[in-house]
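Hi everyone, thanks for making time for this.

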Amino acid sequence: MKLAVFSAKAYDRHFLSATLDTKHVASDIQLNFHPVPLSSETVDIAKDADAVCCFVNDTVDAPVIHRLHEHGVKAILMRCAGYNNVDLKKAEELSFFVANVPAYSPEAVAEFAVALIQTLNRNTHRAYNRVREGNFNIEGLLGQTLHGKTVGVAGTGRIGLAVARIMKGFGCRVLGYDVFRNEAFESVGEYVELDVLLAESDIVSLHCPLLESTQYMINETSLQKMKRGAMLVNTSRGGLIDTKAVIRALKSKQLGGLALDVYEGEKALFYDDHSGEIVHDDDYMRLTTFHNVLLTGHQAFFTQEALGEIAEVTFQNLEDFRAGRQCKNSLIKAGASVSRPPRH
Ligand code: NAD
C-alpha cells in the first residue's frame, strides 16, 4: 500500500512516520512524502500510489481526481477537517474512498482564535516589538476589558462551541448563529439570527465550513450590520469573507479590528517562505499595513496533540478503507456526497 503524501512538511513526516511506527497500523504501508501541493501539474507524482493524503490547499478538483483515477489511485485521505477543496461529486462518480479528520482537536483551533482576540485587543504583538527595541511607551496599546463584552459565534459546531465556552469563562455574553442548533451551545450562549449577532457583538468569530451558502457571508452588507468598531475573527476558511469589502470597512473604521488565520487567496502564499519575493496579492499586502489587523498563516490547528490525532485518524480511515469497513469519517455517503449535512 503506497500512500503519496502531498504538501508534506517536516512535521507531517514526523507525525505520520511516528504513528506508523508506534501505533497499530498495518506494516505494509509505504509513505512517500512530496513537498509540493497536489494539483494538475503535480498529480502524476502519484502514478504508483494506491492512495493520496492531502491538506487544506491541495487542489482535489475534477481534473485531478480524474487523473488520479487513471493512475489507479483509490483513496483520498484528507488530513484536515475542511474539505471544500475536494470535488466530492466527481470522487463519488469515480468510486473513490474519501475521508477527513473531522474533530482532531477543536480546542486547538478555539484556543488559537482566542489568542488572536487577546493579542489584537491588547496589542501584545506590538508591545513585544516595542520592548525589544527599548521602547516602553504604552501609548497606542490601549485595549478593552473582555469581561462583559458580547461575543458572536457564527457556526456553533465543535470549534465554535469550544470558543463559546472559553469566552463564557471570560465573563462574556455569548451569542450564536447556526443553521442547526447544538444543545451543548445553549448552556453557554443564546441563539439569535445572524443580523442580531452582527448588530450586538463586540467580537464576531467565524466557525462555519466554506460552502456555497457561507461563501462571503461577511460582505459589504453584513459588515454594515456589525456594531461600529467591532472586531472580526476568522479561523475557519478565507472564503467566508469578501476581502475587498473588509478592507473598505477597515478604512472607514466601521470595522475596528480584524484577525485572520485564513485568507481567500492563501493558496498562493501560505505554508511557504515568500520573504525574498515580490508578493503580487495587493489585497493581502494592504491588510498587512493596518495597525489593527493581525494575520497568521493557517496555523490554528498546529499543536502537537492535533498533529498526533490527525496522523492516527488518517491511518484509521485508511485501515477502514482497506478492510472494506464502514468508515465514520467517510465523506461519500449514499445520496449525500455533494453537501454533507452538518452533524447536529
Ligand atoms: P463542525 O462541522 O463541527 O461545525 C460547523 C458548524 O457550522 C456546524 O454547526 C454547521 O451547522 C454550521 N454551519 C453550516 N452551514 C452554516 C451556515 N450556512 N450558517 C451558519 N452555520 C452553518 O466543524 P468544526 O470542527 O467546528 O470546524 C469548522 C471549520 O473550521 C471547518 O469547516 C474548517 O474549515 C475550519 N478549520 C480551520 C482550522 C485552522 O487551522 N484554521 C482547523 C480546523 C478546522
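How do the residues of the shell around the ligand divide into nonpolar, polar and charged? Keep in mind, as we go, that this is a predicted model. The answer is 13 nonpolar residues, ten polar ones and five charged ones.

So who is in that shell? The ligand is surrounded by 28 residues, and the closest of them are Tyr104, Arg158, Ile159, Asp178 and Thr235.

Let's pick out a few polar pairs. Arg158 comes in with its backbone: an N or O atom there lies 2.9 Å from an oxygen atom of the ligand. Ile159 also uses a backbone N or O atom, and here the distance to an oxygen atom of the ligand is 2.8 Å. With Asp261 we move to a side chain, where a polar atom lies 3.1 Å from a nitrogen atom of the ligand. And how much of the ligand's accessible area does the protein cover? On its own the ligand has 860 Å² of accessible area, and the protein covers 93% of that.

Now, on to the sheet. It is open and has five strands, in the order β2-β1-β3-β4-β5, with parallel pairing. At the edges you'll find β2, residues 30-33, and β5, residues 97-99, each of which pairs on one side only. From one strand to the next, the twist averages 20°.

Let me go through some of the pairs, and please follow along on the screen. As a reminder, strands of a sheet pair through backbone hydrogen bonds, either parallel or antiparallel. Between β1 and β2 there are four bridges, in the parallel sense, and Leu3 stands opposite Leu31 in β2. On to β1 and β3: these run parallel and are joined by three bridges, with Ala4 opposite Val52 in β3. Finally, β4, residues 75-78, pairs with β5 over three bridges, again in the parallel sense, and there Ala75 stands opposite Phe97.

One last element, and then I'm done. Which strands does helix α12 touch as it packs on the sheet? Helix α12, residues 304-323, touches β1, β2, β3, β4 and β5. Its direction makes about 160° with that of β4.

Key. Residues are numbered from 1 along each chain as its sequence is written. This is a predicted model: local features need pLDDT of at least 70, side-chain atom pairs count only at pLDDT 80 or more; totals for chains, interfaces and linings use all residues. Side-chain values use heavy atoms; hydrogens and water are left out. A residue is near a molecule or strand if one of its heavy atoms lies within 4 Å of it. A polar contact is a pair of N or O atoms within 3.5 Å; within protein, one must be able to donate a hydrogen and the other to accept it, and residues adjacent in sequence count only if both atoms are side-chain atoms. Accessible areas come from the Shrake-Rupley method with a 1.4 Å probe; for residues, only the protein chains shown count as cover. Ala, Val, Leu, Ile, Met, Phe, Trp, Tyr, Cys and Pro count as nonpolar, Asp, Glu, Lys and Arg as charged, and the others, Gly among them, as polar. Two strands pair if DSSP finds at least two bridges between them. Helices (H or I, at least four residues) and strands (E, at least two) are DSSP runs, numbered from the N terminus. Axes are lines fitted to C-alpha atoms, for helices over the stretch in contact, and angles run from 0 to 180 degrees between N-to-C directions. Contact means heavy atoms within 4.5 Å.
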